Amino acid sequence: MITIDHVSRRFGDGPDAVVALDDVSIEVQRGEIFGVVGQSGAGKSTLLRTVNALERPDSGTVTVDGTVITGLEGAALRQARHKIGMVFQHFNLVGNRTVAQNVEFALEAVGVKGDERRRRALEMLDLVGLAHRANDRPAQLSGGQRQRVGIARALASQPDVLLSDEATSALDPETTRQILDLIKRLSGELGLTVLLITHEMDVVKRICDSAALMEQGRVVEQGALEQLIRTPGSRVAAELFPVGEAHYTPGHRIIDVTYTGLSADRPVIAQLSRDFGLDVSILGAALETIRGHQAGRTRLAVPGDASVALKVIDRLTSQGVTAWEVHP
Amino acid sequence: MIDPAAPEFWPQLFAVLLEGTWETLYMTAIAMAITFVVGLPLGIVLVGTEPGRFLEAPLGRRWLGRAINAVLGFVVNLGRSVPFIVLMIALIPVTRWLLGSFIGTGPAIVPLTLVAIPFFVRVVEIAVREVDPGLFEAAESLGASRWLVVRRVLLPQAWPAIALGTATTVTSIINFSAMVGVVGGGGLGNVALTYGMQRYSALHIVFVVIILFVIVQVVQWLLTRLARRLSGATPAAGRTARRTERAALDLDDASIVSAPARGDADSPTR
């Protein structure tokens, strides 16, 4: 649905130039929620803005639903933008206009007129649970409510794609959950493809199907979440499961065990100790709910050499969990 | 020398002040009206054509935006740096060409307008610059046309500051209008000049000062009130709000809107 193909963007010239995007390629499937994580300054924001051409790349192309966005100008670009909604960290609502007028603006941009426009704006507000605040001003609403208006405005023109620029970063944890659940629900109901950027791992954990990690303008990792957590050395997975540092002690091997779904309930580690007669010690563990499913990771220290570690890993793998040795 | 004890003094004073006040208001109102109509778009264009703004490439041409911005900035600075008295004299041929004469209250409006426009353009510039860039970005992301962005985002957000700046501009036009006696213009400034200075009537000056003070106060008060209203609700917002309320009630019949909507709909529109 969204194809970002070898996109680069630098700001400034000469030695002061900042490379915001360095040959970035990302593929977002239709209907999925794709999260780009990274620290501020990693280039996430610039990346997101290339998708609706608020930012123009120096090289590379961005394609949304078959349309090459990077090649569009003027009216054609405005048309394409009607199919790409966007929500912002600071909501960006017009303060001197009412909530309903803010949503109507999106429809006005599309060319919907009069009563039809008001009716549809109210429908959108109803969809986000704010129809009763239609005549209030944004300043009279809480942060979470303002973001709901932002979402209603972004979706008013019935786009296929929703871009989210740190939509929950200015909100408290409880409100963040509500907004994320709303995005999740609407993406399902309306068949939206969502591309979001965030610096909060919780966002990825709660709603993302796929994720990419950005660092200094480069994508260092990307894939479906299920896959990433089963990939040895995945930094996204390491962020999701904070099992602590690996402390290497002589005569021990360190093994990471990752389990999802049903296998999370089975006593695989106790069984391991029994079967091999090993004193397995647990260095750290993290259990998380990822997209509504239980998933966990345990870091083990196993006495013995590489062959013991291999045997242990084989056994664990045969029991349907993913395990690998962590090397110093 | 005028004798305040003479029986005809007060009626004469009254007549002179009335005429002066009328002329001042007349010159100021027309000059301000023209200034507003010309200055508002120029101010918006001046900010809009800056790099990275919504008008940076009018007609898809980046060089055109840069050129307009440079020329406009230059002209505004030029206009702001010429002293009014010099401008007034320099404009005599222009006024004569425009109106056929350069003497009198009517022709004096030409230099008054030309001194006020650059001032007002800066006022609009500041008001527009204050608008959160995030709002333009959001509007752009929605695929809104430039004209829609100006109407629905830029102006609603800038009106309060423009209203306050208009008060300052009016005050400054009144201020300059006191000098138009040089080109035969009337007004309260001319009253002070001819009766106060040349004929030593302190009373004339006192009344001119009082009237000018009252005019400035009233203008400032009115426009401050207007600015407050505009930042709360534009009149158009009130109209749309009432219509939206009706639409909300229609929706309510279809049991889409939840119960609180009814309570809110009953409350008076802000």
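The model is a predicted one, in which local features need pLDDT of at least 70, side-chain atom pairs count only at pLDDT 80 or more, and totals for chains, interfaces and linings use all residues. Residues are numbered from 1 along each chain as its sequence is written, chains are lettered from A and ligands numbered from 1 in the order in which they are written, and side-chain values rest on heavy atoms, with hydrogens and water left out.

To start with the sheet, chain A has four strands in an open arrangement, running β2-β1-β4-β5 with antiparallel pairing. The edges belong to β2 and β5 (67–68) of chain A; each has a single partner strand, so one side of each has no neighbour in the sheet. Strands here are DSSP E runs of at least two residues and helices are H or I runs of at least four, numbered from the N terminus, while pairing takes at least two DSSP bridges between two strands. Strand β1 (residues 2–11) of chain A meets β2 (residues 18–28) of chain A through seven antiparallel bridges, with A:F11 bridged to A:V18 in β2(A). These two strands make a hairpin with six residues between them, and A:G12 in the turn has a positive phi of about 80 degrees. β1(A) also pairs with β4 (residues 59–64) of chain A, again antiparallel, over five bridges; here A:I2 sits opposite A:V64 in β4(A).

On to the packing. A nonpolar core is a set of buried Ala, Val, Leu, Ile, Met, Phe, Trp, Tyr and Cys residues joined through side-chain atoms within 4.5 Å, buried being under 20% relative accessible area (1.4 Å probe, protein chains only). The largest such core has 113 residues, and A:L125, A:I151 and B:I44 touch the most other members. Helix α7 (residues 146–177) of chain B gives the most to this core, namely twelve residues. Leaving aside residues up to four places away in sequence, B:I44 touches B:F54, B:V124, B:V128, B:V150, B:L154 and B:L155. Another core, of 32 residues, lies apart and includes A:A80 and B:A138.

As for confidence, the predictor gives the complex an ipTM of 0.87 and a pTM of 0.83. Chain B has a mean pLDDT (the predictor's confidence in each residue, from 0 to 100) of 84, with 86% of its residues at 70 or more. Within chain B, helix α6 (residues 133–141) is highest at 95, and helix α11 (residues 260–266) is lowest at a mean of 36.

Technical notes
Buried means under 20% relative accessible area, exposed over 50%, partly exposed in between (1.4 Å probe, protein chains only). Contact means heavy atoms within 4.5 Å.
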